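I opened the model and looked up a handful of positions. My entries follow.

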Amino acid sequence: MTYPEQDSGPATPPAAAPDTAARRDWAWRRLATPIGPLLVAASREGLVRVVFHADERTARRELTRLEQLFGGPPLAGIPHLTTAATELTAYFAGELRAFTVPLDWSLSSGFNARVLHALADGVPYGSVVGYQDLADRVGEPGAARAVGAAMGSNPLPVVVPCHRVVASDGGIGGFGGGLETKRLLLALEGVLPAPLF
């Protein structure tokens, strides 16, 4: 299936669309950013997905997955998509420190969701937290490794700032978007010095 490079798909679902009781409305957009293209998807509930390195192949794979999850193709007119794109653009321009776009947490559950909520609510712009500290915050002091796995499952990177979670030894830790992307995000927020080149 080919997806047009735009905010979303057709304005109305095709005649053979799945049962509307199972369908959730969603839309997507690809953004050019200093860390590479991001695919951003939103539902009527809020921002639902951010995907790093969204080249054609990655975008096609993710859009197929989202179409299956939401029971049909993307639609036009999802206001949270515009809000998310505007806020991400302002963030990368250094003009936004806190996102206000509503979040649709439907792609996260259980322990991972608890950790991601604690991260989103308690680790502000320009600060970092250790894996162990985040485990302590959710009442699971023996779960530092599981916190790392939760970061890897984050459906909303950048907005839910898993780049702000670092190793206790002073290293920056791992990152699903790649260590260079993590360094660039931490530099943007003033946690690390800006790269020389």
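I started with Val-158, which I found in the loop between H5 and E5; helices (H or I, at least four residues) and strands (E, at least two) are DSSP runs, numbered from the N terminus. This is a predicted model, in which local features need pLDDT of at least 70, side-chain atom pairs count only at pLDDT 80 or more, and totals for chains, interfaces and linings use all residues. Residues are numbered from 1 along each chain as its sequence is written, and side-chain values use heavy atoms, with hydrogens and water left out.

Val-158 is not a glycine, yet I read a positive phi of about 75 degrees for it. Most residues other than glycine have a negative phi. I noted Val-158 as buried, at 0% relative accessibility (buried is under 20% relative accessible area, exposed over 50%, partly exposed in between; 1.4 Å probe, protein chains only).

I then checked His-53, also not a glycine, and read a positive phi of about 50 degrees. His-53 sits in the loop between strand E3 (47-51) and helix H1 (56-70). I have His-53 down as partly exposed, at 37% relative accessibility.

Next I looked up Cys-162, which UniProt lists under "active site" in an unreviewed entry; such annotations may be inferred rather than shown by experiment, and UniProt positions are given in the numbering used here, with feature names shortened. I located Cys-162 in the loop between helix H5 (144-152) and strand E5 (165-166). Cys-162 is buried, with a relative accessible area of 6%. Leaving aside neighbours within four places in sequence, I listed its contacts (heavy atoms within 4.5 Å) as Leu-119, Met-151, Asn-154, Pro-157, Phe-175 and Lys-182.
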